[in-house]
Amino acid sequence: MKELNELILPDDVRFTEDHEWARREGETVRVGISDYAQDQLGDIVFVELPEAGSTFGKGDEFGTVESVKTVSELYMPVGGEVVTVNEELVDHPEYVNTDPYGKGWMIEVKPDDLSEMDALLDRDAYLRQLEG
Amino acid sequence: MKEVIGTTGLVMNEPLLWEKGVAGRIGFSMPRRDVPEAPLDASLTGEGPDFPDLSEVDVVRHYTRLSQWNYGVDTGMYPLGSCTMKYNPKTHERQAALPGFVNAHPMLPASMAQGILALMHELETCLAEITGLPAVTLQPAAGAHGELTGMMVVRAYHNDRGKPRHKILIPDTAHGTNPASSALCGFTPVPVSSSARGVLAQETIAAVMDEDTAGIMITNPNTLGLFEENIRAIAKIVHDKGGLVYVDGANMNAMMGIVSMGAIGVDVMHLNLHKTFSTPHGGGGPGAGPVCVTEALAPFLPVPRVVREGDAYALSYDFPKSIGKVHAFYGNVGVLIKAYCYILSLGKDLKRVSQLAVLNANYVKERLKDTFHLPYDRPCMHECVFTDKNQEAHKVTTLDMAKRLIDYGFHPPTIYFPLVVHGAIMIEPTETESKETLDSFIAACRAIATEAAQSPDTLREAPTKPKVRRLDETLAARHPHLAG
């Protein structure tokens, strides 16, 4: 397991208290799980994602991630319509471990209200939460 | 014995059965035909399944060799938390193998099956006394099946009152199957957090219990090995809103003869005969998950039910509100026989079973709490939960230590459960382990903690002694290779 100072926590994403990240990319928001979350879960073996076109509210469960240790729910950082899901994860769930903010992204959301992004934690606030 | 009990010996390599034998080899002689030959419907014929061609000795050696790679309660201590892997006395096998039992066909008329029906009726009576819940079904095949059956009874009860309900409260210290069983039954599980003391607080329940909530599903003792001490107050809150209290009785080994579930407000619970009542489980055989309920819920139990009519026993379907059958015939009857033997063998000493199970768990907890981090430092019931926090600095995990225990000759405990404890190590020694065995287990845990600090790689590479080393669970899950 990583020490807190070994965690990759980029500046260009926002975090939820449940360890999802959200990155604004034009009109949409890309979502995945943090380096801390993947490190805690261990080797990811399966990611269950919704169909494109589904809509969820902020905080709703949109899928699950299964590791050798456990199964965890995934929660929407912002409400909106899922426009794309990362189909690559079907054959390569390990991307969530190796590149959580890049190839390990999970869904792309067209948010109902972009200002919901402002309520998410920035890098420093998330790190403070981890330091607990 | 002074030596570490884990060692190595001569074990045989063994391929899959499909890699053994030769085409046309056969280990079975068909009996002489005593009916005339008749044509078969074409839909019943065709290519058979892909079975290997083997002789009897091929098969016997195959399973004997695999058994040498294996570990079971007959090999050593198996402290798998919440699974109650106690020793299974051999007398159970002997009684269950009596010809009158093994030759009884499930379609015999009741008049020719009085013995087994009497046994089932007696077992129901014993389980009713142990739980304080007067009506019992023996049908469910195992714990989760018992949960489902119990929740179906809860649903039938609310529907019968003309007030269907849709939610069920599930504490975060419940068994993982609880939310699944209730969801399968059509309820929406509502998660409830335990308090800092590791148990449910009545205020938490009062805040969420409403008249669309069918009830609460509590594992008691919970998966932290703690008794839900507020259960009576919680039951009252749930009952006042018209709900029912379900207790997952998988951890009943802590409470036989000590807690009357009926008296503390429980309406329905299941028992695991293959845990508390010492029938084989895991690879050792099927289970049984009887469900015990209050008189008010009795009309909804599965049919057929064993009923007593004078001095005779019969199977009755005459329960119009019943949820119906939940198992072929009458459940896993062989398991029922073994559990009945256990109850008769111990009699009033069943209470001692629970007392000693609790004593053993507390002994392990007290002797290891300076070695492993103990998140809830208070008296436990049948199991205790540690974490890998003290070993984190050495980058040694719960998994590494669990694997290393195999080298020392012990089955690993339950790990990473309950989820509310980070890096959980959940140890349930059961009453069947002697103090010498517990001391030897404790010594192994201490030695492993020392290794974690001094030679952490030893742990990361563990186990090194068994035939099969650490498996690549990730590869197995990502790319399962199914043969045969």
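What follows walks through a predicted model of two chains, A and B, from chain A to the contact between them and on to chain B.

Residues count from 1 along each chain as its sequence is written, and chains are lettered from A, with ligands numbered from 1, in the order in which they are written. In this predicted model, local features need pLDDT of at least 70 and side-chain atom pairs count only at pLDDT 80 or more, while totals for chains, interfaces and linings use all residues.

Start with chain A. Chain A has four helices and nine strands. These elements are DSSP runs numbered from the N terminus: helices are H or I with at least four residues, strands are E with at least two. From the N terminus on, their order is β-β-β-α-β-β-β-β-β-α-α-β-α. The radius of gyration of chain A is 14 Å, close to the 14 Å that the globule rule gives for 132 residues, so chain A is as compact as a globular protein of that length. That radius is taken over C-alpha atoms, and the rule is 2.2 Å times the number of residues to the power 0.38. Along its principal axes, the C-alpha trace of chain A spans about 35 × 35 × 20 Å.

Now look at a sheet in chain A. Three strands form an open, antiparallel sheet in the order β4-β6-β7. Strands pair if DSSP finds at least two bridges between them. β4 (44-48) and β7 (71-75) of chain A stand at the edges, each with a single partner strand, so one side of each is left without a neighbour in the sheet. The twist averages 25° from one strand to the next. β4(A) and β6(A) (residues 61-67) pair in the antiparallel sense over four bridges. A:E48 stands opposite A:T64 in β6(A).

The chains touch. Nine residues of chain B are in contact with seven residues of chain A. Contact means C-beta atoms, placed from the backbone, within 7 Å. The side of chain B that touches chain A has three nonpolar, two polar and four charged residues. Here Ala, Val, Leu, Ile, Met, Phe, Trp, Tyr, Cys and Pro count as nonpolar, Asp, Glu, Lys and Arg as charged, and the others, Gly among them, as polar.

Chain B also has a three-stranded sheet. Its order is β10-β12-β11, open and antiparallel. The edge strands β10 (384-386) and β11 (414-415) of chain B each pair on one side only. β11(B) joins β12(B) (residues 425-427) over two bridges, in the antiparallel sense. There, B:T414 has B:M426 as its bridge partner.

Next come helix pairs in chain B. The axes of α4(B) (residues 114-131) and α9(B) (residues 333-346) come within 10 Å and cross at roughly 55°. Axes are lines fitted to C-alpha atoms, for helices over the stretch in contact, and angles run from 0 to 180 degrees between N-to-C directions. α4(B) and α9(B) are therefore oblique to each other; angles under 35 degrees count as roughly parallel, over 145 as roughly antiparallel, 65 to 115 as roughly perpendicular and the rest as oblique. The contact of α4(B) with α9(B) has eleven nonpolar, no polar and one charged residues.

Turn to α11(B) (residues 398-407) and α12(B) (residues 435-454). They pack at an angle of about 125°, with axes 10 Å apart. α11(B) and α12(B) are therefore oblique to each other too. B:M401, B:R404 and B:L405 of α11(B) meet B:A444, B:I448, B:E451 and B:A452 of α12(B).
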